[in-house]
Amino acid sequence: MSKTLIKNAVVYDGSGDRPYGADVLINGPVIEKIGARLVDWEAEIVEAGGKALAPGFINTHSHMEFAPFKTPDMFPSVSQGITTECLGQDGSSVCPLTDAIARELADNMAPLAGTLPYAYPWRSFADYMKKVEEAKPACRMVSLVGEGTIRMNVMGSDNRRPTPKELKRMQDILAQCMEEGAKGMSLGLIYPPGSYAETDELIAMAQVVADYDGLIMVHMRNEKERLLESMDEMLEVIKATGVRLQISHFKALGHDNWTKVDEGIAKLENMAAFGYEVNCDQYPWSAACTGLKVCCPHWAFEGGEQGFQARLKDLEQYAKILAETEREINVRGGGKSIMLAAVATEEYQWMAGQTMDVISEKLGMEVAPAVLHILQHEGPSVIAIYFSISDEKVVDIMKTPYQVVCTDGIAGTHPHPRMYSTYHRFLGHYVRELGVMSLEKAVHKITMEPARRLRLWDRGLIREGMSADLVLFDPDMIKEGNSYVEPDAPSVGILKVWVLGEVKFEGQ
């Protein structure tokens with residue numbers, strides 16, 4: 001095994017305690033020794049020069065399911081210090097699946113994780129994780145299992161309640177995935193078919209997760225005018241099962257809803273006072289990113305993508321979809337607040353990086369008909385950026401003890417900048433420039449705390465015997481260098497990243 005001796009580092013160990021000066025000796029995949037003036041003549045010397053050394057950053061909300069097979073160097077991850085990605089978000093995991101739903105599941109995954117140029121070669125949760133391991137990605141990967149994906153395995157894309165027999169089958173599939181290593185279950189309650197699940201179904205599934213001490217991460221039913229009611233639904237699930245919960249990318253969309261964040265934080269505080277574990281993650285940006293199809297009503301996707309496309313061709317159904325789509329676009333701030341990040345065809349590549357008001361004008365349409373036209377032409381792969389979040393409320397959420405940082409990064413032709421620089425922005429803009437919290441507290445929120453929530457007991461702390469997942473960075477320089485206009489422009493301040501003792505990134 002190779003050895004590396006990191007000399008003269010300022011160690012932010014992940015605990016939230018004040019930093020200290022030390023040398024750190026890595027022996028193969030683990031941290032062997034921490035101390036002053038260490039000597040090991042067999043080790044490669046890395047001079048830290050007083051820069052910050054932290055545990056590897058753990059991204060609790062990732063859509064990098066296909067990166068191990070397409071870009072195993074995982075550059076967007078390791079270049080910002082991420083050493084562990086948590087997959088299977090928003091109720092949509094790429095496994096388990098059957099032959100019967102393979103195409104439909106790929107359609108559902110397209111706006112979140114992108115596509116593969118071949119059919120999914122796995123079926124079970126264990127099969128997928130084995131394929132990931134064999135691809136040898138630069139990052140370590142863990143995953144949730146999506147409730148929507150499990151539902152699809154049993155019920156397809158039917159918009160109805162499961163029968164008792166179907167619900168038992170769903171619970172059994174979930175239990176099998178937990179046995180195979182899933183860290184919990186995700187809910188995507190704005191994404192069909194997961195959005196068709198009623199509260200009693202969520203409680204029944206959550207009980208299985210609770211039995212395994214797993215974690216539920218939820219994209220709630222509504223992050224706009226019904227944000228608080230959506231939180232209440234999840235609190236009902238917690239009270240019924242005692243399951244641990246993390247609200248995904250906690251926020252309020254739309255100017256008229258921003259003040260609801262304060263009441264939402266109060267709900268988290270109240271649940272914590274009663275001993276329940278309810279937390280959240282957050283990307284440190286004032287724009288969201290997901291599929292363009294979220295502008296359309298959920299019912300329109302019964303029967304999957306094929307059902308949606310058939311309804312667009314029916315004049316009466318189209319009129320109903322159009323009216324609800326127009327309302328949703330207005331809540332999100334109108335066409336000027338929606339930028340397309342990725343489209344499927346070469347013909348429409350010019351749209352990537354353009355806002356819907358500009359696109360609709362070039363198409364000679366109003367905004368809502370233009371959205372439906374694009375979805376009809378491009379299918380489910382269209383990704384959009386939505387400028388409808390309050391930066392002031394981003395800070396308010398960030399200050400709470402419930403928040404940890406995530407990227408929610410979605411690949412695309414013109415992706416959201418969070419794909420490349422979430423941790424640069426958090427540590428640079430919010431921590432150093434705005435002084436939202438101390439650096440040691442910030443490091444805790446991106447290392448030990450997410451490791452605790454995911455029950456990753458071998459990482460998240462700099463301690464002897466722990467995994468050598470480490471990030472050397474310059475706290476005085478770290479900052480995002482990209483923007484919504486140039487999302488892949490390089491950022492600065494991450495100097496070196498180790499995953500299980502191997503260097504996976506060297507920067508400046």
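Modeller: Let us begin with a term: a residue counts as buried when its relative accessible area is under 20%. Please also keep in mind that this is a predicted model.

Colleague: Which residues are buried in helix 3?

Modeller: In helix 3, the buried residues are L105, N108, M109, A110, P111, L112 and A113.

Colleague: What do the buried residues of helix 3 pack against?

Modeller: They pack against helix 5 (147-155), strand 14 (288-291) and strand 16 (383-386).

Colleague: And which residue follows helix 3?

Modeller: G114 follows helix 3, and the phi angle of G114 is positive, near 90 degrees.

Colleague: Let us turn to the strands. How many residues of strand 7 are buried?

Modeller: Strand 7, residues 82-87, is mostly covered, with six of its six residues buried.

Colleague: In which sense do strand 6 and strand 7 pair, parallel or antiparallel?

Modeller: Strand 6 (residues 57-59) and strand 7 pair in the parallel sense, over three bridges. Within this pairing, N59 stands opposite E85 of strand 7.

Colleague: How many bridges join strand 7 to strand 8?

Modeller: Four bridges join them, and strand 7 and strand 8 (residues 140-143) run parallel. L87 has S143 in strand 8 as its bridge partner.

Colleague: What holds paired strands together in general?

Modeller: Strands of a sheet pair through backbone hydrogen bonds, in either a parallel or an antiparallel arrangement.

Colleague: Now the aromatic rings. How many aromatic pairs does the structure hold?

Modeller: The structure holds 11 aromatic pairs. One of them joins F66 and Y120: the ring centres are 5.6 Å apart and the planes stand at 50 degrees, so this pair is tilted.

Colleague: Where do F66 and Y120 lie?

Modeller: F66 is in the loop between strand 6 and helix 1 (67-70), while Y120 is in the loop between helix 3 (102-113) and helix 4 (125-135), so the pair ties together parts that are 54 residues apart in sequence. Both F66 and Y120 are buried.

Colleague: Is the pair of Y120 and W122 stacked or tilted?

Modeller: Y120 and W122 form a stacked pair, 5.1 Å from centre to centre with 20 degrees between the planes. W122 counts as buried because its relative accessibility is 1%, and Y120 likewise counts as buried because its value is 8%.

Colleague: Which residues form the aromatic cluster?

Modeller: F66, F69, Y120, W122 and Y128 form one aromatic cluster.

Colleague: And which residue lies over the face of W285?

Modeller: R425 lies over the face of W285, at 4.5 Å from the ring centre. Elsewhere, K293 lies over the face of F301, at 5.2 Å from the ring centre.

Colleague: A change of topic: how many disulfides are found?

Modeller: A search of the whole structure finds zero disulfides. C296 is in no disulfide, and its nearest cysteine sulfur, that of C295, is 6.5 Å away.

Colleague: Lastly, where does Y348 lie?

Modeller: Y348 lies in the loop between strand 15 (338-342) and helix 12 (356-363). Y348 is buried, with a relative accessible area of 7%.

Colleague: What does Y348 touch, leaving out residues up to four places away in sequence?

Modeller: Y348 touches V343, L363, H373, H377 and E378, with those sequence neighbours left out of the count. The side chain of Y348 also makes a polar contact with the side chain of H373, at 2.6 Å.

Conventions: Residues are numbered from 1 along each chain as its sequence is written. This is a predicted model: local features need pLDDT of at least 70, side-chain atom pairs count only at pLDDT 80 or more; totals for chains, interfaces and linings use all residues. Side-chain values use heavy atoms; hydrogens and water are left out. Buried means under 20% relative accessible area, exposed over 50%, partly exposed in between (1.4 Å probe, protein chains only). Helices (H or I, at least four residues) and strands (E, at least two) are DSSP runs, numbered from the N terminus. Two strands pair if DSSP finds at least two bridges between them. Rings of Phe, Tyr and Trp (its six-membered ring) pair if their centres lie within 6.5 Å; planes under 30 degrees apart count as stacked, over 60 as edge-to-face and the rest as tilted. A charge sits over a ring if NZ of Lys or CZ of Arg is within 6 Å of the ring centre and within 35 degrees of the ring normal. A disulfide is a pair of cysteine sulfur atoms within 2.5 Å. Contact means heavy atoms within 4.5 Å. A polar contact is a pair of N or O atoms within 3.5 Å; within protein, one must be able to donate a hydrogen and the other to accept it, and residues adjacent in sequence count only if both atoms are side-chain atoms.
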